[in-house]
Amino acid sequence: MMEENEMSFFDKLEKVDPRLIYILVFLIVSLPLMRPLGLPISMSPMTVAFYDAVEKVNPGDVVVVSIDYSAASSPEQYPQTKAVIHHLATKGAKIIGLGFWADGTPFIDSALKDVFGKSKDHPKYGTDFVNLGWIPSQEVGMKALGGDVQGTCPKDYYGTSTATIPMMKDVKTGKDFKMVITLSSGTPGVPEWIRQIQAQYGVTFLYGVTAVGAPGMRVYFPAQAAGGLEGLAGAAEYEVLLIKYGYKGTLAPPMDSQSLSHLLVIAFIVLGNVGYVLRKHGKAK
Amino acid sequence: MITPEIAGTLIAAAFTLMVYSFFYRENKAYRFAEHVFIGLAVAHGAVISSKYVWDAALTPLITKGEMYWILPIIVGLLFTFFFSKKYFWVYRIPISIVVGTGVGLAMAGLVRSQFIDQIVQTIAPLDPKADFWSSGSHPVNALLIAIGTLGTLFFFIFTREQKGPLLYASHIGRWTMMIAFGAAFGFTVMARMSLLIGRMQFLIDPSGVAWYMIPVAILVVAAVAFMDRAKGSKP
Amino acid sequence: MKLSATIRRSVPLVITFIAGLLVIGDYYFKVKAFNDFITQWMKFVNVAGSFAVIIGYVTLTRIHARRLNQRREGWYNSLALLVGMYAFFLLGVVFSEGKFTAHPTYTYWFNNLYVPLDATIFSMLAFYIVSAAYRAFRVRTAEATVLLISAVIVMLGRAPIGPAVWPTFGPITSWIMAVPNNAGMRGITIGIALGVMSMGLRVLLGRERGYLGPGA
Amino acid sequence: MLATLYMSMKGISRPTIRKIAGLDAIGEAVGRATEMGRPIHFSPGIGGLGTDVTPQTLAGLSVLAHVAELAARYKATLWTTINRAEVQPLAAEIVRQSYLKAGAPEAYDEDKVIFLSTAQFAYALGVVGLMHREKVAANIMIGGFWAESLLFAEGGYLAGAIQVAGTANTHQIPFFVAACDYCLIGEEILAAGAYISRDPVQLGAIWGQDYAKFVAIALIAVGIILSLAGSDYLWKLLRGPLW
């Protein structure tokens with residue numbers, strides 16, 4: 001395909017040192033973070049559906065927020081987590097934080113601290129929100145949770161017995177959940193929650209996923225999942241919707257980086273292919 | 001004044017840059033960071049599992065005297081027979097319990113949620129008033145989705161030779177999937193960029209101290225590059 | 001303890017079969033005593049399954065202790081791995097005053113060492129995707145062309161820049177996601193479900209024994 | 001439904017698998033490498049054994065048998081790189097058997113079935129380095145691939161290789177389609193494995209799944225016609241309890 005002797009301009013371009021490309025990527029991503037462009041953020045129907053579903057939550061409804069991601073995808077999913085918990089708090093929901101990914105558990109605590117200021121020492125801990133920590137065995141754990149909440153999580157993240165936590169008194173099985181929201185970047189995640197909890201107890205189910213997972217999760221919308229946040233864009237759109245609740249988002253500059261980096265990828269695909277098509281065309285002659 | 005907080009940020013920044021030094025070339029700093037990470041990942045899993053066993057089994061066993069919790073603990077400890085050549089078969093007992101339960105659960109739940117409910121969603125009642133651009137229940141979209149789904153299923157039929165109508169059907173499936181994969185491609189780019197953006201936000205945050213490490217890293221890489229050149233070796 | 005080879009081979013298969021059947025039965029027979037037993041069983045499996053982490057721990061220790069012992073190239077990396085692994089474990093279990101991961105010192109190291117490493121290693125893909133976009137993604141077939149066009153539209157439609165330039169990028173992207181993407185993914189989802197079903201059947205019937213380890 | 005078909009696989013009758021275009025492409029790639037006098041690279045993915053992606057690894061190994069046989073017959077050099085320690089002996093044995101079958105046991109070189117590293121990126125870089133050094137003319141990757149797919153496809157393209165790739169990890173297929181000459185999509189790799197190995201268990205499994213797919217196809221086809229006609233009878237029926 002590439003004979004050394006007939007090296008054209010585009011062949012040379014193809015052999016450019018990848019380190020130059022890497023530096024370009026660094027710059028393209030960093031510059032908008034320092035000097036935002038302020039492009040308006042558009043709205044996706046999935047995000048709107050997600051927002052509308054959370055809007056329907058009544059004060060006192062029990063909502064499970066499950067952190068099913070690891071540190072690797074936290075740049076995408078942590079902003080989703082914070083926004084979701086904030087929205088639920090303004091709606092007066094009783095929030096149960098838990099997680100099925102070992103790596104994700106500390107994020108529940110951080111998110112509660114970021115939204116409420118304190119986690120365990122907050123005066124409303126135990127009445128309005130609770131952190132049940134990690135549950136092992138993936139899908140088996142989900143099934144166990146649905147069957148017996150307190151037996152599966154005998155103690156909360158901080159070591160307090162679940163049975164003594166006021167808001168957990170009436171939460172016995174999956175039937176007592178009003179809504180489940182998973183923030184998930186893999187297995188176990190959306191399909192497992194749908195199989196073990198949504199299909200069994202008929203609770204309203206919402207998800208926030210990484211952009212990699214988003215296209216595959218669309219098949220569950222609208223009947224099995226009522227809405228979804230898709231990657232960083234989903235989180236940014238959600239932040240815009242939450243402005244009226246006084247939520248201060250941080251994702252506008254990153255979305256500018258996103259815009260520029262997408263343009264960079266597209267530019268590179270086009271550049272690479274111009275050379276390819278010309279060469280192919282040249283050979284056809 | 002170096003508070004623990006500042007020190008922590010600097011450590012995080014240093015390790016971040018050690019990983020990125022890989023883009024200059026494979027090097028010792030990168031390998032060091034990678035090894036530390038592997039060790040921590042396993043340790044974290046062990047810590048959090050210990051907490052669960054402590055809370056769920058040992059506490060009721062000791063404080064309430066619920067003796068039956070000793071059973072799963074013993075079964076769990078059988079995992080250690082993984083390391084015995086002679087009694088390796090004992091290890092198969094816990095693994096078969098875990099796998100059997102997991103497989104059974106997945107199978108039982110699948111039929112409903114990933115088979116029947118998927119069909120149900122494809123043939124759900126139509127809504128002519130729905131928005132064409134975003135709703136799958138608009139009649140035209142519903143028909144297209146059904147055709148695309150059927151084509152994809154036909155593409156994955158393997159025990160019939162693909163000719164005649166089957167060939168056309170599987171072509172429809174192939175093209176549908178290509179558009180879907182294109183969307184997946186675009187979303188994957190977005191995901192990967194988000195990760196990098198997250199790291200960059202941390203590194204160049206002007207209110208933090210992480211960016212102190214950037215000049216250090218540049219100096220180190222420059223020094224290495226200079227030494228490479230002096231040696232005349234190509235990186 | 002001397003057991004015949006047949007029993008040793010078949011006991012795990014029988015256990016798998018029974019365990020699977022019990023759980024499947026739970027979905028179809030709504031008998032309270034039985035369902036309660038399954039709930040209890042799930043908690044047992046949860047606890048027993050937690051011990052699986054031992055294997056990874058011991059394996060890593062063995063591999064790297066050997067490297068360290070033999071002073072193989074890069075032994076200091078193995079030392080770093082072992083020190084990190086045991087220090088983190090001791091910090092979380094022994095010295096955490098019963099708080100485990102909630103202990104502030106543990107959280108400190110988790111946030112300042114583990115999180116940045118995990119996220120950074122993963123974020124390296126961003127660079128590769130750009131360089132591959134430039135150097136390898138080609139419109140060599142009609143299929144690849146369709147794929148790349150669809151990818152470009154979605155990339156523009158999902159970032160603010162697309163709709164800012166041409167507002168219709170947004171609706172087109174949402175249509176691609178809602179219709180062709182949905183159709184393709186639904187076909188694949190059904191296919192995967194059947195694949196898992198058939199794999200599950202093979203496991204329960206003992207025709208697939210990879211999970212039991214070598215020699216099963 | 002599936003269980004009854006399992007019975008039939010026990011030798012009573014066996015299905016034939018349709019032609020899989022990707023396998024022809026493999027033959028072509030090996031042939032071209034031979035013409036150019038340059039080696040072939042094969043990777044069965046990083047899935048390993050004993051996980052939920054085991055079937056993909058096994059399918060990859062079946063295809064490896066096919067590739068090795070072709071390579072032995074054409075007298076082309078074949079490099080096989082391995083990510084998981086437990087796969088290495090299996091792969092080596094498969095390659096040896098294939099060379100034996102092609103009547104060229106002396107051409108088998110066990111150093112060319114190499115275990116590079118368990119770490120994902122370390123393995124990926126090893127493979128890219130090898131493809132570059134050896135100037136491979138054909139790069140065949142069948143199995144479970146994750147993020148490394150991107151690096152492989154780029155490395156193979158830069159080495160100027162014909163690339164045939166396949167994985168059932170859906171989110172990685174786009175990169176293979178964009179960067180490779182031929183791509184096996186999803187379950188196709190499992191069918192390819194069964195096609196080559198003729199293993200009755202695998203064949204039976206694929207056959208059973210095909211029938212279930214026909215059921216799904218029929219339900220969707222009837223359902224969408226009914227729903228376009230304004231009836232939701234089937235929809236309501238399927239939404240009812242299973243039991």
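These notebook entries record what I looked up in the predicted model, chain by chain and contact by contact.

**Entry 1. Conventions**

I note that this is a predicted model in which local features need pLDDT of at least 70, side-chain atom pairs count only at pLDDT 80 or more, and totals for chains, interfaces and linings use all residues. Residues are numbered from 1 along each chain as its sequence is written, while chains are lettered from A and ligands numbered from 1 in the order in which they are written.

**Entry 2. Chains A and D**

I looked up chain A and found 11 helices and six strands. Helices (H or I, at least four residues) and strands (E, at least two) are DSSP runs, numbered from the N terminus. The C-alpha atoms of chain A fill a box of roughly 80 × 40 × 35 Å along the principal axes. Of its 285 residues, 58% count as buried. A residue is buried if 20 or more other C-beta atoms lie within 10 Å of its own, exposed if 12 or fewer, and partly exposed in between, with C-beta atoms placed from the backbone.

Among contacts in chain D between residues at least 6 apart in sequence, 70% join residues at least 24 apart. Two residues are in contact if their C-beta atoms, placed from the backbone, lie within 7 Å.

**Entry 3. The sheet of chain D**

I traced an open sheet of six strands in chain D, in the order 3-2-1-4-5-6, with parallel pairing. Two strands pair if DSSP finds at least two bridges between them. Strand 3 and strand 6 (182-185) of chain D are the edge strands, each pairing on one side only. From one strand to the next, the twist averages 15°; angles run from 0 to 180 degrees between N-to-C directions, and axes are lines fitted to C-alpha atoms, for helices over the stretch in contact.

I then examined strand 2 (residues 78-82) of chain D, where five of five residues are buried. D:Leu78, D:Thr80 and D:Ile82 point one way from this strand, and D:Trp79 and D:Thr81 the other way. Strand 2 of chain D runs parallel to strand 1 (residues 40-45) of chain D, joined by three bridges, and D:Thr80 is the bridge partner of D:Phe42. Three bridges also join strand 2 of chain D to strand 3 (residues 113-115) of chain D, where D:Phe115 is the partner of D:Ile82.

At the other end of the order, I found four bridges between strand 5 (residues 162-167) and strand 6 of chain D, again parallel. D:Val164 stands opposite D:Tyr182 in strand 6 of chain D. Helix 6 of chain D packs on the sheet and touches strand 4 (138-144) and strand 5 of chain D, its direction making about 165° with that of strand 5.

**Entry 4. Helix 5 of chain C against helix 6 of chain D**

I followed helix 6 (residues 148-158) of chain D to helix 5 of chain C: their axes come within 10 Å and cross at roughly 35°. Among the residues that meet are C:Tyr128, C:Ile129 and C:Arg135 from helix 5 of chain C, and D:Leu150, D:Glu154 and D:Tyr157 from helix 6 of chain D. By class, this contact divides into eight nonpolar, one polar and two charged residues. Ala, Val, Leu, Ile, Met, Phe, Trp, Tyr, Cys and Pro count as nonpolar, Asp, Glu, Lys and Arg as charged, and the others, Gly among them, as polar.

**Entry 5. Helices 1 and 2 of chain C**

I looked up helix 1 (residues 5-28) and helix 2 (residues 32-50) of chain C, which pack at about 135° with axes 10 Å apart. The two helices are therefore oblique to each other; angles under 35 degrees count as roughly parallel, over 145 as roughly antiparallel, 65 to 115 as roughly perpendicular and the rest as oblique. C:Leu22, C:Val23 and C:Asp26 in helix 1 meet C:Asn35, C:Ile38 and C:Trp41 in helix 2.

**Entry 6. Interfaces of chain C**

I recorded 98 residues from chain C and 100 residues from chain B in their contact. Helix 9 of chain C gives the largest share of the chain C side, 18 residues. That side divides into 67 nonpolar, 25 polar and six charged residues.

Towards chain A, 47 residues of chain C are in contact with 53 residues of chain A. Here helix 5 of chain C gives the most, with 15 residues. By class, the chain C side has 27 nonpolar, 13 polar and seven charged residues.
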